[in-house]
Amino acid sequence: MSTPPFALWAAAADDATFTDPAACAARASEFERQIARRNRRERIAGWAQLPLWGLLAAFFAYVGEWPVALALALTGAGVLVVIRNLPRHAGLLERRPEEPCLDHLVRQYRRQYRALIRVPLWYVGPLVPGLVAVLATVTAGVAETKGWNAALAGLARPTLLTGGVIAAVILVNLWAARRVKRELDRLERLA
């Protein structure tokens, strides 16, 4: 609703729910600022780690450890895919001039909800091949010198740690999606 209700309407339908346009606009702006801050942090984190993956890959290529170098390069490529995916899946929606504030806010919440629910696909998924490749190449390297039993025994801890971090990222995003969904349901009842 883009115009304040008349007092007569409010008196006639005291169970009706009205949305103050100024409050709605302020809320939409705050939600968009939160999204923009989150996306900016994610992009900075992604760009900041790319030199590390690149330098490590170059170092291992230089010393002739091509499988490790390729695994690290694959991890860096996964980070690039995540950076590219961020605006496509979780970027801000443009405001339409003709669109009421509440409708815009509902669309924005709906988009963020979908993005959070699909984090395993577009955020975690591109990183998995590189992480698996790094674990596999390091394990194979250890197996060459110490045998497969020692290599597989040493694989357990980094695999659990990596899996735990991935699971935590997914769970945190699903938890955030639940909060966004509750708010989305409430807004849709008002729309």
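A search of the whole structure finds zero disulfides, a disulfide being a pair of cysteine sulfur atoms within 2.5 Å. The model is a predicted one, in which local features need pLDDT of at least 70 and side-chain atom pairs count only at pLDDT 80 or more, while totals for chains, interfaces and linings use all residues. Residues are numbered from 1 along each chain as its sequence is written, and side-chain values use heavy atoms, with hydrogens and water left out.

**Cysteines**

Select C24. Its relative accessibility is 4%, so C24 counts as buried; buried means under 20% relative accessible area, exposed over 50%, and partly exposed in between (1.4 Å probe, protein chains only).

**Aromatic pairs**

Now display the aromatic side chains. Rings of Phe, Tyr and Trp (its six-membered ring) pair if their centres lie within 6.5 Å; planes under 30 degrees apart count as stacked, over 60 as edge-to-face and the rest as tilted. The count by this rule is three aromatic pairs. One of them joins F31 and Y109: the ring centres are 3.9 Å apart and the planes lie at 5°, so this pair is stacked. F31 belongs to helix α2 (residues 21-62) and Y109 to helix α4 (residues 101-117), so the pair ties together parts that are 78 residues apart in sequence. Helices (H or I, at least four residues) and strands (E, at least two) are DSSP runs, numbered from the N terminus. F31 is buried at 9% relative accessible area, and Y109 is buried at 8%.

Turn to F59 and F60, an edge-to-face pair with 5.2 Å from centre to centre and 75° between the planes. F59 is partly exposed at 46% relative accessibility, and F60 is partly exposed with a relative accessible area of 24%.

**Q112 in helix α4**

Select Q112, which is placed in helix α4. The residue is buried, with a relative accessible area of 1%. With neighbours within four places in sequence left aside, Q112 is in contact with F31, I35, R38, A90 and G91, contact meaning heavy atoms within 4.5 Å.

**Charges over rings**

Finish with W175 and Y113. A charge sits over a ring if NZ of Lys or CZ of Arg is within 6 Å of the ring centre and within 35 degrees of the ring normal. Over the ring of W175 sits the charged end of R179, 4.6 Å from the ring centre. At Y113, the charged end of K181 sits over the ring, 5.8 Å from its centre.
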